[in-house]
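Welcome! Please take a moment with the sequence and the structure shown here, and then let us walk through them together.

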Amino acid sequence: MARNVSTQRKLLTTAAAWTIGILIFFPILWTFLTSFKTEAQAIASPPAFLFFDWTVENYFEVQSRSDYFKHFMNSVVISFGSTLLGLLIAIPSAWAMAFAPAKRTKDVLMWMLSTKMMPPVGVLVPLYLMFRNTGLLDTRTGLVMVLTLINLPIIIWMLYTYFKEIPGEILEAARMDGASLAKEIIYVLTPMAIPGIASTLLLNVILAWNEAFWTLNLSAARAAPLTAFIASYSSPEGLFYAKLSAASTMAIAPILILGWFSQKQLVRGLTFGAVK
Amino acid sequence: MGSITLKNVSKVFGVHAVIPSIDLDIDDGEFVVFVGPSGCGKSTLLRLIAGLEDVSGGEIVIDGKNATDLPPAKRGLSMVFQSYALYPHMSVRGNIAFPLKMAGEEKAVIDKKVADAARVLNLADYLDRKPRQLSGGQRQRVAIGRAIVRQPEAFLFDEPLSNLDAALRVNMRLEISQLHQQLKTTMIYVTHDQVEAMTMADKIVVLNRGRIEQVGSPLELYHRPDNLFVAGFIGSPKMNLVAGAPAAMHQAHTIGVRPEHLVLSKERGTWRGTVGVAEHLGSDTFLHVNADGIGTMTARVSGDFPVTHGDQVFLTPDPQRVHRFDDKGMAIR
Amino acid sequence: MATLHTRSAARLMIAPSVLLLLAWMIVPLAMTIYFSLLRYNLLMPGMEEFAGLSNYTYFLTDPAFFQAIFNTLAIVLGVLFITVVGGIGLALLLDQPMFGQGIVRILVIAPFLIMPTVAALVWKNMFMNPVNGIFAWLAKLFGLQPFDFLANAPLFSIIIIVAWQWLPFATLILLTALQSLDEEQKEAAQMDGAGASSRFIYLILPHLSRAITVVILIQTIFLLSVFAEILVTTNGGPGTQSTNLTFLVYAQALLQFDVGGASAGGIIAVILANIVAFFLMRMIGKTLEA
């Protein structure tokens, strides 16, 4: 049903929404613009918005000074690695909970979510020491392991809510058709759940990409992802606004673009299936 | 071939015995319908036979072999589900081919069998469509196609027509019956609709609260119901059941008279009453008569019987067709 | 409902996740408890000795601890308040017909996708800096004295930064919930003579209650352990004015190398989180069941 709204009111709403939208987005826009300025222009007062000498110098400098690509690759490996590993462990579990629930399934699920309530500092010390003693400190492997465990409850929960929407009869039909459990999951469940799996993947890559407790505390130089790469700019060097902006833009651009392209799945994923 | 025997089969969920104990023989090639009200255990029984649920006790023998502990895939049965349960991400071809693929058949064999099934079911033009692009009846046919390519010992149908509209349901009923005549394979069909049961079955199994009330051919159940439950369940409109003084005259606790076995007259008869609602179907008219001292009775009269709301009429049961039941609800013969 | 075969397969398939999460919870937690009872400093290896509850008494009598508790709660409640109220407002606005709704949504969603370290650094330097920041320039424009946010109102500044990151999340969830409100219900309410404000109170707000609960639950989980924003902006300071419990334990462990003390702090954090979780779960249980 189309709502009957006067054009005047629509224009008013549009103006208000765009103003607020741009205000919320402004810090990111400003970072992006500043990254193309010289350092002098970056701190000029009054600030220059569009009319300055555009330069890409800062990007090259950031790359040569702190090896952006190394950290970028670390972020890619850590976020995708932990998410894919998490999915591999979670898909069978979510299948079991959605399609062969036992009396305690709900409790197990709630317990899994409750592990997310545990503050990371509760286990920071032993984990740091264990990692130090086993040589996992500052390695991609170590970070993949930790982030897999951190996001596992969310991955299982999201998959569970998606799987719940798939009628069990279809899986039973596969069973009648002679499919083993493995084939039932590979040929029937997984393809049917592709949209759900994709949005789970997406949200968890974003969460892992932006995770900034464990990545900051368990990495130093070799395995440091972009979160740690940026944190190194918090020292007085951060006063070089243009370079800081270039580094920031490079750190957030990949995930920002990924997020924008998959907005629809993201919204569904964000709500963990609890709000439709 | 496809004979199925249930020996002492029971199913318990928690403390709740859905099926206390059932014995049943199904002969090869029979069309058997499980019918009963919702919650009577008919679908559970079908799922036990399919192997989608474990029995809590007893034995299931399929084609002479004990299948009680076999997984569904090893029982040689095919099933058509209420929701059709088509694989939405596969084409019609992929859906029908799936069981053959799982069985490891060769590609050429698969193609031939799929083509054959598609021809039988008039699906040849739709093989490359996805299920969501099909109408309800076509989806139903795909589900049947998927079931027949495996050449199973027996087909299981779980209320397959309940998602279709009335006209289509009548068509599909006919198609399934014709399919049975062609294939001559055992079919077990679950429904809550006694019309489907009457029109399709060789043998009807009436279930109530997990127990078998009666097994027999449609006409046996119609003419000789074993008990009040079957008497009330089979036949449409329902049999009129009368207890008390009128029944005592027939030396019974309760008597039952089908609407078509009541003779209607405007002048004289056994029971007097006033017409409440008259449902004119054209060929017949169903009259709901408020009989004095008895309650509402349904009578079936010919479509040209002149009667309207508020008329006084007399009802007389055909004495040959009165069913008598004792105080436990069992038929007296 | 399933067979013995599928049920045992199911148990087998849940096992890896359960065992991993169990190991992840129990082993380090047990070690933390053990360490918390030791005098154990990484700068003095080999000097570990049993210390009883002295680490706990040390932590619980430290004024910084109470400051940290207060700051933790202030961050959680402050951010929740801003994001829920702001989110409802924004969602109501975005639900109206307008031009370019998709683009506005892209603009609004963006902060959620930004990593905390970047968000904090951008705000700290380019907005809140008292000399070169945008806010300083705006203040001068209006003839005001620039305000040094991070030095004079560190906790408030951090709340603003974190709220900016989480506002999109709240907005999107509430907007999704809002869009699922039956149009006919709204029209029926209009026919019944309900004005805009009574429609909001009696129709929209109850409809949003479930979404609001989800927002509160998920955000609280993350907000209890805000860390990176503090690390790169104030480093907990000045003094301990912007130190929350997470940061306090981090500082104890990795800046002062006091494993025993940090472990005691970690255990206290776990206990507090459990208390919060308990109340949260009860509240949520009520809403989600309704």
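Helices (H or I, at least four residues) and strands (E, at least two) are DSSP runs, numbered from the N terminus, and two strands pair if DSSP finds at least two bridges between them. This is a predicted model, in which local features need pLDDT of at least 70, side-chain atom pairs count only at pLDDT 80 or more, and totals for chains, interfaces and linings use all residues. Residues are numbered from 1 along each chain as its sequence is written, while chains are lettered from A and ligands numbered from 1 in the order in which they are written.

**Chain B: strands and domains**

Let us begin with the hairpin of β1(B) and β2(B): 2 residues lie between its strands, and B:Gly14 has a positive phi near 65 degrees. The table shows how β1(B) pairs with two strands.

| Strand pair | Sense | Bridges | One bridge pair |
|---|---|---|---|
| β1(B) and β2 (residues 16-26) of chain B | antiparallel | 7 bridges | B:Phe13 and B:His16 |
| β1 (residues 4-13) and β4 (residues 57-62) of chain B | antiparallel | 5 bridges | B:Leu6 and B:Ile60 |

An automatic or database domain assignment supplies the domain bounds, and chain B is divided into domain 1 (4-231) and domain 2 (240-325). The centres of these two domains of chain B, taken over C-alpha atoms, are 38 Å apart. Their contact (C-beta atoms, placed from the backbone, within 7 Å) takes 4 residues from domain 1 of chain B and 5 residues from domain 2 of chain B.

Now for chain C, which has 13 helices and 2 strands. Its C-alpha atoms fill a box of roughly 75 × 75 × 30 Å along the principal axes. UniProt, in an unreviewed entry, lists residues 69-280 of chain C as "domain: ABC transmembrane type-1"; such annotations may be inferred rather than shown by experiment, and positions are in the numbering used here, with feature names shortened. That span of chain C is 76% helix and 0% strand, and its end C-alpha atoms lie 18 Å apart.

Technical notes
Two residues are in contact if their C-beta atoms, placed from the backbone, lie within 7 Å.
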